[in-house]
Amino acid sequence: MPSHRTVVARLREVVGNHVVTDPEVIAPFARDWTNRFRGQTPAVVRPGSTGEVAGVVRACRELGVALVPQGGNTGLVGGGVPLHGEVVLSLGRLTSVDEVDTVAGQLTAGAGVALGTVQQAAGAAGWRYAVDLASRGSATVGGTVATNAGGTHVLHHGDTRAQLLGMEAVLGTGAVVSHLGGLVKDNTGYHLPGLVCGSEGTLAVVTAARLRLVPDLPWRTVAVLAFASVADALGGSAVLRRSLPSLEAVELFLAPGLELVCTVTGMSPPFPEAHPAYLLVEAADRVDPTEAVAEAVGAVGRLAGSVVATESSRRAELWRYREAHTEAINTLGPPHKLDVTLPLGALAEFVDRVPVEVHAVDPTARTWLFGHAGDGNVHVNVTGPAPGDERVDETVLRLVAGYGGSISAEHGIGAAKRRWLHLARSDSEIAAFRAIKRALDPDGILNPNALLPPEPS
Ligand code: 2HG
Ligand code: ZN
């Protein structure tokens, strides 16, 4: 291994002063947002252009030093943390946002641009960027592309990959691949953006993305619906998906999570009395969808209560009941986050069963469940077990696999779940993953702790 001094000197040849080594400044880059994953790094390197990113990758390759690409560091599976002393490659200086192409309805943005900035730029031009998530203020274009982020509106608009019309990236060889033309139809071989999207920084470092925009519909209605059980709530979700074409989101949360959110945020609950399960529903249209929402909600059986909001600040308040779960749970200590999808027919049984199974493994643990009911994605959060105690992770992920679900719906595999990749992927799929990795990152320097488990020796 080259000395720390050699690494820093070589990186400075590429980016000048943008190599940070002050331990206090680099400490936040070496741990994740939840505080569950902590590592260390000799340096955070902050290139200012795609050319400099390529220079950094080539330098690391020559030196035989691994690097971890990092955007807003909002990932929840330890995929952006230098767990074993890797250099952190921060994309935070790639902040260019091109003018919206209003003819095509597309936008090109640098990897370091926050999702919220993309949304604002799109909105100012009369368009909308469809991917949305609670960490929109910090999550970046590069990070959301690298992880194929989902969020709250996948039901209607699809995930990040579905918005991705082009990409610029630096492969593990140091080669730049740039395909940002934004042609909607472009059958000219392998779809590199689709491959790199969701590869969690293991194949390439994303430096810019060409994003599809959708019409910014002027009318929005949000409702929170209360139910006596998760099964009733999911039954309601199916009715709404069938009968309300303007439906953009159907989110799920439960009584304990709502109570915690209200305690932590100081918000009053939406109903005078608690209910076991809640759906948050959002519809958007060219005309006011409130009547259509009321009609569809009227067709939902076994409804225990509803509140509806049309005005923007009240809509945001209702969303906060759901979106504040993550920050509220984090006040209890580093959670174990198990972001999973179930076949919709098995979701209610799974949600009822998880706390029982977790309790059997660790009676001191608490299970928190919420998520994106419309697409079968539930976030199982478990607080109590020490960060390195993986018994509950193992139990929950095996349960998911038993139901034919996926062990990662939208957060990725990262470092947290790579030892269970085999629950979701066959040996031949994992072998194909490794072959692709070898082709694009021959020396294995890109994000070595994420996604693929270590090769059996
Ligand atoms: C959400 O849906 C995010 O709010 C975070 O995916 C989920 O905190 C989590 O587990
Ligand atoms: Zn989510």
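## Salt bridges along the chain

A salt bridge is counted where a side-chain nitrogen of Lys or Arg lies within 4 Å of a carboxyl oxygen of Asp or Glu, and by this rule the count in the predicted model comes to 23. One of them joins the side chains of D393 and R36, with N and O 3.4 Å apart. This pair links distant parts of the chain, since D393 belongs to helix α14 and R36 to the loop between α2 (23-26) and β2 (44-45), 357 residues apart. Helices (H or I, at least four residues) and strands (E, at least two) are DSSP runs, numbered from the N terminus.

## How the model is read

Because the model is predicted, local features need pLDDT of at least 70 and side-chain atom pairs count only at pLDDT 80 or more, while totals for chains, interfaces and linings use all residues. Residues are numbered from 1 along each chain as its sequence is written, chains are lettered from A and ligands numbered from 1 in the order in which they are written, and side-chain values use heavy atoms, with hydrogens and water left out.

## Domains 2 and 3

The domain assignment, whose bounds come from an automatic or database source, gives domain 1 (4-90), domain 2 (106-215), domain 3 (219-326) and domain 4 (332-423). The C-alpha centres of domain 2 and domain 3 lie 29 Å apart, and their contact (heavy atoms within 4.5 Å) takes ten residues from domain 2 and twelve from domain 3. About 890 Å² is buried between them, 50% of it from carbon and sulfur atoms; buried area is the accessible area (1.4 Å probe) that two parts lose on being put together, summed over both.

One salt bridge is found across this interface, and R136 forms a salt bridge with E323, the closest N and O atoms being 2.8 Å apart. On the side of domain 2 that touches domain 3, helix α6 (residues 154-157) gives the most, with three residues.

H372 lies in strand β16 (residues 366-372) and E410 in the loop between α14 (391-402) and α15 (427-440), so the pair ties together parts that are 38 residues apart in sequence.
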